[in-house]
Amino acid sequence: MTDEWSHGVTASCDEPPPFDTSVAHVARVYNYWLGGKDNFAADRAAGEQAIKAFPDIVLSARANRAFLARTVRFLAGEAGILQFLDIGTGIPSANNTHEVAQSVAPESRIVYVDNDPVVLTHARALLTSDPAGATAYIDADLREPERILEGAARLLDFSRPVAVMLMAILQHLHEEDDPYRVVATLMDAVPSGSYVALSHPAKDINAEAMAKMAESLNKMMAEKVTFRDRPAVARFFDGLDLVEPGMVQASKWRPATDAEAASPAALWGGVARKP
Ligand SMILES: C[S@@+](CC[C@H](N)C(=O)[O-])C[C@H]1O[C@@H](n2cnc3c(N)ncnc32)[C@H](O)[C@@H]1O
């Protein structure tokens with residue numbers, strides 16, 4: 001990391017930007033579902049309405065975190081990946097990407113990206129790298145992948161494999177945002193042998209409850225959601241080689257325990273390698 005880059009990140013942490021707490025935001029609603037304390041009344045109200053529509057959302061959010069940890073363990077271990085670009089980081093929780101990756105390979109380098117001002121205020125917690133590796137944080141929007149790639153290139157070497165992590169974020173990109181182009185732009189920038197790992201709320205698992213929850217969230221939350229069905233999520237992996245067991249319900253992707261496998265997660269998830 002250059003001095004200019006680290007200074008920029010640190011300075012942002014010292015002066016948290018003002019943010020509107022009267023409207024629910026996804027990072028804080030998700031934090032509420034996970035049992036965190038970084039949320040406000042509007043986030044809790046939206047979170048509760050969503051729970052009414054789809055009571056398994058809390059288990060689904062936990063299953064998503066467990067899926068994230070399993071995919072990072074696979075990527076840093078079996079796949080030998082030492083560089084991660086984690087877009088839509090969320091408020092720090094248990095098993096953040098750098099903690100899992102560096103527990104397997106301490107020299108791992110991780111760039112976190114999110115566009116939520118509250119996540120930005122927590123960036124310092126994400127920058128506690130193992131001295132053998134490094135972490136950085138970029139305040140940016142997934143809809144501007146070129147900007148993300150430019151910033152990430154300060155820490156990551158794009159001539160070597162990178163794992164692009166898109167965990168429970170693509171539902172906030174709608175058709176007009178051209179989400180498939182966004183993912184293709186990211187994957188075009190990384191070399192052969194790179195990976196993408198993603199999870200996405202499913203429109204076709206527990207369909208009725210998921211539709212009700214989407215309707216409720218779209219009334220109350222700043223970031224609207226578009227849930228997608230299996231073929232629409234599978235399209236994000238076009239041109240890439242899915243690793244076993246392919247794109248599946250996230251809880252069924254290499255579960256570590258029977259309890260993980262049994263989770264009623266309404267999410268599609270998969271990991272794929274760029275040939
Ligand atoms: C549901 S949380 C998922 C957090 C984490 N990836 C996980 O799976 O545990 C979605 C995160 O994506 C971020 N996000 C949503 N839309 C975004 C965008 N257009 N650009 C960058 N971040 C975005 C939110 O601020 C939030 O932190």
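Start at Gly 90, where a backbone N or O atom lies 3.3 Å from an oxygen atom of the ligand. Keep in mind as you look that this is a predicted model. A polar side-chain atom of Tyr 30 sits 2.7 Å from an oxygen atom of the ligand, and a polar side-chain atom of Asp 114 lies 2.6 Å from an oxygen atom of the ligand. Each of these pairs counts as a polar contact because its distance falls within the 3.5 Å cut-off for N or O atoms.

How much of the ligand does the protein bury? On its own the ligand would expose 600 Å², and the protein buries 98% of that area. If you look for pockets in the protein, the largest pocket is the space that the ligand takes. Helix 2 (26-33) and helix 4 (57-76) are the elements that each give two or more residues to the shell around the ligand.

Now widen the view to the whole shell. The ligand is surrounded by 20 residues, and the closest are Tyr 30, Asn 64, Arg 65, Gly 88 and Asp 114.

The protein has 12 helices and eight strands. Along the principal axes, its C-alpha atoms fill a box of roughly 45 × 45 × 35 Å. Why can you think of the chain as a compact globule? A compact globule of 275 residues would have a radius of gyration near 19 Å, and the protein has 17 Å, which agrees.

Most residues other than glycine have a negative phi, and most peptide bonds are trans. With that background, go to the loop between strand 1 (83-87) and helix 5 (97-104), where you will find Asn 95. Although Asn 95 is not a glycine, it has a positive phi of about 55°.

Is the peptide bond from Glu 244 to Pro 245 cis or trans? That bond is cis, with omega near 5°.

Conventions:
Residues are numbered from 1 along each chain as its sequence is written. This is a predicted model: local features need pLDDT of at least 70, side-chain atom pairs count only at pLDDT 80 or more; totals for chains, interfaces and linings use all residues. Side-chain values use heavy atoms; hydrogens and water are left out. A residue is near a molecule or strand if one of its heavy atoms lies within 4 Å of it. A polar contact is a pair of N or O atoms within 3.5 Å; within protein, one must be able to donate a hydrogen and the other to accept it, and residues adjacent in sequence count only if both atoms are side-chain atoms. Accessible areas come from the Shrake-Rupley method with a 1.4 Å probe; for residues, only the protein chains shown count as cover. On a 1 Å grid over the protein atoms alone, a cavity is a set of points where a 1.4 Å probe fits but cannot get out, and a pocket is an open set with protein on both sides within 12 Å along at least five of seven lines; lining residues have an atom within 4 Å of a point. A molecule sits in a cavity or pocket if more than half of its atoms lie within 2 Å of its grid points. Helices (H or I, at least four residues) and strands (E, at least two) are DSSP runs, numbered from the N terminus. The radius of gyration is taken over C-alpha atoms; the globule rule is 2.2 Å times the number of residues to the power 0.38.
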